[in-house]
Amino acid sequence: MKTDGPFYQRDRTWHPPALSRDYKTSVSRSPKYPLISLETTVSETTGPVFGHGDIAASDNDLLTNYAASGESPIGERIILHGQVLDENRRPVPDTLLELWQANAGGRYRHKKDTYLAPVDPNFGGCGRTLTDANGYYCFRTVKPGAYPWRNWINSWRPAHIHLSIFGTAFAQRLITQLYFEGDPLIDKCPIVQTIPDEKARAQLVARLDLNATIPLDAIAYRFDIVLRGRRSTLFENRQEGN
Amino acid sequence: MTQELDYLRETPSQTAGPYVHIGLSPGAAGFDIYDHQLGGDIAGPHAKGERIRVEGMVIDGTGSPIKDVLLEAWQANADGFYAHPEQAGSVEEGFRGWGRVISDFDTGNWGFDTIKPGLVDTGTGQNMAPHLNFWIVARGINLGLNTRMYFSDEAEANAVDPVLNLIEWERRRDTLIATRSERNGKPVYRFDIRLQGDDETVFFDI
Ligand SMILES: [Fe+3]
């Protein structure tokens with residue numbers, strides 16, 4: 001019988017290395033010693049479980065979850081949807097997705113953000129949802145604006161949405177950012193460029209999905225997310241003494 | 001020509017950035033939006049075991065505290081079971097074993113209350129010493145860092161812990177051991193995490 005075993009080794013050449021000199025903050029925040037490789041134990045193959053009691057159904061609608069009644073945030077209305085899968089192409093159901101983003105002007109609702117673009121009184125900038133039984137999720141929000149940041153004198157982040165995903169195990173925990181198809185700032189961004197492989201960077205670019213738009217209402221982008229897969233234990237590892 | 005292997009590739013990580021609080025801890029960002037924030041109560045009211053506090057700082061390569069870090073903790077209950085469907089044993093009602101904490105914007109200090117976990121059975125007959133699993137994200141961290149915290153008053157269990165013993169450099173094992181003290185009769189464990197330097201914390205590729 002096949003049972004779920006340890007997780008596949010994470011391909012660290014596909015992810016950004018800890019030290020990326022052009023992303024200056026990483027220089028003093030990147031461990032110098034090699035990581036200790038640890039075959040996943042029960043401490044890593046388990047992880048927190050969330051249910052519908054943890055969140056509200058409306059938490060995935062950023063057009064309304066902070067807006068005064070009858071009002072909505074300024075900006076391009078978008079639907080963001082996709083599927084969460086693992087490396088074995090298996091859907092990941094009932095998993096918690098959280099996201100956060102700047103408003104249409106590129107300003108975050110955060111006491112540490114001092115960018116001169118205005119805060120939108122009707123936009124909080126965060127949402128969360130659980131994937132459905134087939135791993136699908138959707139959010140409604142506005143497309144975030146680009147914003148400047150202090151890396152080089154003239155560094156601008158492409159429009160992006162930050163995403164946090166749990167999966168079924170602590171070993172799958174992931175935070176990433178999604179970008180929007182066609183944005184010329186993507187190739188110029190030192191944070192995007194921390195990822196060495198061009199195909200890996202492309203995996204973070206959401207695609208325009210006209211079939212999922214709501215005509216005369218909101219344009220749609222599709223963004224699928226892949227979490228680590230697990231080995232099937234085809235043959236049990238023989239333990240000492242057996 | 002050969003057949004293609006049909007695996008997908010994991011979505012690449014990106015830094016959580018300086019505004020991670022908006023998504024994961026909006027109260028800290030300065031606004032309330034959800035009925036309740038997740039991760040504030042790790043053990044719940046009914047958990048058995050010793051009630052403890054865990055405190056520390058995450059320190060960068062210049063020796064400065066990181067003031068925009070977010071940590072998640074994942075732990076077993078006092079019987080050594082995780083709150084997860086794959087675990088044979090059960091946990092107390094309200095015990096999630098998962099928590100989320102951010103550092104203070106001014107000082108970099110973080111801390112949370114929980115219970116001390118028990119020995120964890122690995123399924124191979126060898127127990128792991130009591131430990132908390134940590135996942136650390138912040139601006140400048142490109143891929144979340146995984147580490148573990150062990151307990152200074154568990155020297156015997158720590159000495160035979162299979163994960164601590166994977167670390168060839170014995171002196172580096174000490175970076176994973178939190179020191180116990182008491183404050184107002186309550187046990188407090190201090191766990192500072194150093195991202196670089198002579199005492200760089202051991203991080204795992206899990
Ligand atoms: Fe951002």
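Guide: A cavity here is a set of grid points where a 1.4 Å probe fits but cannot get out, and a lining residue has an atom within 4 Å of such a point. The model is predicted. Chain A contributes E44(A) and F170(A) to its lining, while chain B contributes N133(B), F134(B), N146(B), T147(B), R148(B), F204(B) and I206(B). Two strands of chain B, β7 (131–137) and β8 (145–151), each provide at least two of the lining residues. Of these, β8(B) has the largest share, with three residues. By side-chain class, the lining is made up of four nonpolar, three polar and two charged residues.

For context elsewhere in chain A, there is also the iron ion. Y108(A) and Y147(A) coordinate the iron ion through OH, H160(A) and H162(A) through NE2, at 1.9 to 2.2 Å. The arrangement is irregular because the four donor atoms subtend angles of 90 to 163 degrees. Along the chain, the donors follow the spacing Y-x38-Y-x12-H-x1-H. Y147(A) belongs to strand β7 (residues 147–149) of chain A and H160(A) to strand β9 (residues 160–165) of chain A, 13 residues apart. Y147(A) counts as buried because its relative accessibility is 9%, and H160(A) counts as buried because its relative accessibility is 2%.

Methods: Residues are numbered from 1 along each chain as its sequence is written. Chains are lettered from A and ligands numbered from 1 in the order in which they are written. This is a predicted model: local features need pLDDT of at least 70, side-chain atom pairs count only at pLDDT 80 or more; totals for chains, interfaces and linings use all residues. Side-chain values use heavy atoms; hydrogens and water are left out. On a 1 Å grid over the protein atoms alone, a cavity is a set of points where a 1.4 Å probe fits but cannot get out, and a pocket is an open set with protein on both sides within 12 Å along at least five of seven lines; lining residues have an atom within 4 Å of a point. Helices (H or I, at least four residues) and strands (E, at least two) are DSSP runs, numbered from the N terminus. Ala, Val, Leu, Ile, Met, Phe, Trp, Tyr, Cys and Pro count as nonpolar, Asp, Glu, Lys and Arg as charged, and the others, Gly among them, as polar. Donors are N, O and S atoms within 2.8 Å of the metal (3.2 Å for Na, K and Ca); water is not among the atoms, so sites may look incomplete. Four donors count as tetrahedral if all angles lie between 85 and 135 degrees; four count as square planar and six as octahedral if opposite donors are over 155 degrees apart and all others between 65 and 115; anything else is irregular. Buried means under 20% relative accessible area, exposed over 50%, partly exposed in between (1.4 Å probe, protein chains only).
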